[in-house]
Amino acid sequence: MIFAIEEINKSKFLLPNVSIGYRIYDNCASTLSSMRAVMALMNGDEWTLGKRCSGQSAVHAIIGESESSSTIVLSRTAGPFKIPVISHSATCECLSNRKEYPSFFRTIASDLYQSQALTQLVKHFGWTWVGAVNSDSDYGNYGMAIFLDAAQKEGVCVEYTEKFHRAEPEKLMKVVDVIRKSSARVIVGFLAHVEMNNLLEQLSLHNITGRQFIGVEAWITADSLVTPTSFRVLGGSLGFAVQKANISGLEDFLIKDFWETAFQCKDTNAAFCKENQDLIQFREYDEDVAELRYSNNIYKAIYAVAYSLHSILNCSESQGCDKAVEITPWQVVESLKQVNFTIKNGDQVGFDSTGSDVARYELVNWQQGSDGRVQFEPVGYYDASLPSGQDFVLKTEAIKWPGGSKELPVSVCSESCRPGTHKVLQKGKPVCCYDCIQCADGEISNTTDSNDCKKCPEEYWSNQNRDACVLKNVEFLSFTEVMGKILVFFTLFGALLTLIVAILFLINKDTPLVKANNSELSFLLLFSLTLCFLCSLTFIGRPSEWSCMLRHTAFGIAFVLCISCVLGKTIVVLVAFRATLPGSNVMKWFGPMQQRLSVLSFTLIQVFICVLWLTINPPFPYKNMEHYKERIILECALGSPVGFWAVLGYIGLLAVLCFVLAFLARKLPDNFNEAKFITFSMLIFCAVWIAFIPAYVSSPGKFTVAVEIFAILASSYGLLFCIFAPKCYIIVLKPEMNTRKHLMGKNTT
């Protein structure tokens, strides 16, 4: 302060021919002492030029206080008299209220900026679970309230918030106990210097270490906190500090003043200097001057008052100042609102609408040098005057964490939820405490710490990790898979056997056995069986519009043609027996022409049903995504279920009719009564298709198609073997039985 005033008084440009007077009071950290001093100043009880004077107060401004609580009392006392109070370190946001403190100014920023900067710092390192301790004072309570509000908006959770006053040791012990039991590894300490010192003593005493402290300007660079044991607790601490003093000439002034005051040593040859020769080597030592951080703010405050007086007195370099102008405190207040100047170190000084200076902080880190000394190492800065994104700069690589570690401390309530999971809040705990629950089938989360899972599009499914949607596998019975190959083999094998039987019958068409079994219907039956075998191929492969319509209609018509032929052969057996009776002419009513017409009529009915089905509501390819969530079943929808069951029901009706007639004719006299084999074949046919219905309904996916193909092949093989195997056996292995006499039962034993 004295340095700034002497510099101004010597200046030819600022307040020329005018000298500034001052009075310095030491309140000894007592608010009461501050009150006494300001009351004395306002009452005119002051010393001027060594003489006791009284009358109107000549005080135009008060520089102080250091602590916010004392400054509040000081400002409220001086406020009614409109005496400006300029503080160099009172940061409480409450002092920004111009209605309550209209004449208050400060050359330091409000805690509003520091609290927001603290939140940015905590958020930057991912510390979402922190503890908070503050002084039970205006400074601590207001500053912590701003921090807590900003932290909540940024998603930072506070495990505990504790406060204590320097005169409350029992509360201090409670704070220590809370810190010891807590899980948060990061502690934000919005504490005044005295409270921080008390807390540090207790933490050291109870050996509570390994915490990452985040400090404020009140204590983060306080040399008095540096003790032989304090680094175990505060080592690695981070915090925002007032920028270092960078005032040219201050070092020389302080060193000279110190030597002259302490040792009365103006000349190194003086007697007092010779008595302290061992200290002479430190006479030029000035490394600690730069750590006088608040000196810069005091320097600015003095110059702000000087510039306001310069304006009021209408000073100019050539004519000097108008000393006739009577200066009142309220004029100084108004003039301070307008001051805007640059001091010689380049810092621009001015007050915003709340009476505060621009927020500029230096981010410092408690580190230990190679010599074991604690150093407040700069690792970044915060400058509110810069654009967003450039206001906060951090050199992470230069930071040393607690214990000298280079690894970033972790302080979270719950670990981050990996992609594929989502957060579920724990009941009764803050939002930072959650469980990671895996996404359900068909849902994904592809970001860390997702709050919910997103449902995959209809044709997509979640992968195994639940962090990406992948196309569902399309399932259908293909020719390339094992099941498809097996079914194709039996299909072609059945068609080949049928062709071999047809060739065998064609070669032996003139033999009694072939003639006796109605060779025309037999060949037509073999042709229809070939179609029955081959129609199963339409069920294999990727369903398309034409294959869906073809598979069911081809199957229905081929089987009706087959059953119609069997039914015709059954009727022929019955009619043939009736025709052997005396006086019977039944055969003329069911001759070859009638047999052909009956087969054609039965088949045309099925053709008509199929045409109606295809016309009204035909089968179509359908992506079934309901049966299996993780894959798509590509199948043929029936279109009209009535059409499908009408086709199947008509086949069943003919089969039952054929079975009944064959059963009635099974005991007719003949060595080779075909009705027996027809009965057995129809029995197998009906059994297969009766078993098919529940299997078809309950089989999932491509197995539905496989069951249908199996039923087609089983019934086709049943008809082929039951009706034609005995005949082939006689033709190939027992040709001696292929005679008219044997067939008529006239052979003698």
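Q: Where is Ala-90 found?
A: This is a predicted model, where local features need pLDDT of at least 70, side-chain atom pairs count only at pLDDT 80 or more, and totals for chains, interfaces and linings use all residues. Residues are numbered from 1 along each chain as its sequence is written, and side-chain values use heavy atoms, with hydrogens and water left out. Strands here are DSSP runs of E with at least two residues, and helices are runs of H or I with at least four, numbered from the N terminus. Ala-90 lies in the loop between strand E4 (85-87) and strand E5 (104-106).

Q: Is Ala-90 buried or exposed?
A: Buried means under 20% relative accessible area, exposed over 50%, and partly exposed in between (1.4 Å probe, protein chains only). Ala-90 has a relative accessible area of 0%, so Ala-90 counts as buried.

Q: Which residue in E7 stands opposite Gly-131?
A: Strands pair if DSSP finds at least two bridges between them. E6 and E7 (residues 157-164) pair in the parallel sense over seven bridges. Opposite Gly-131 stands Tyr-160.
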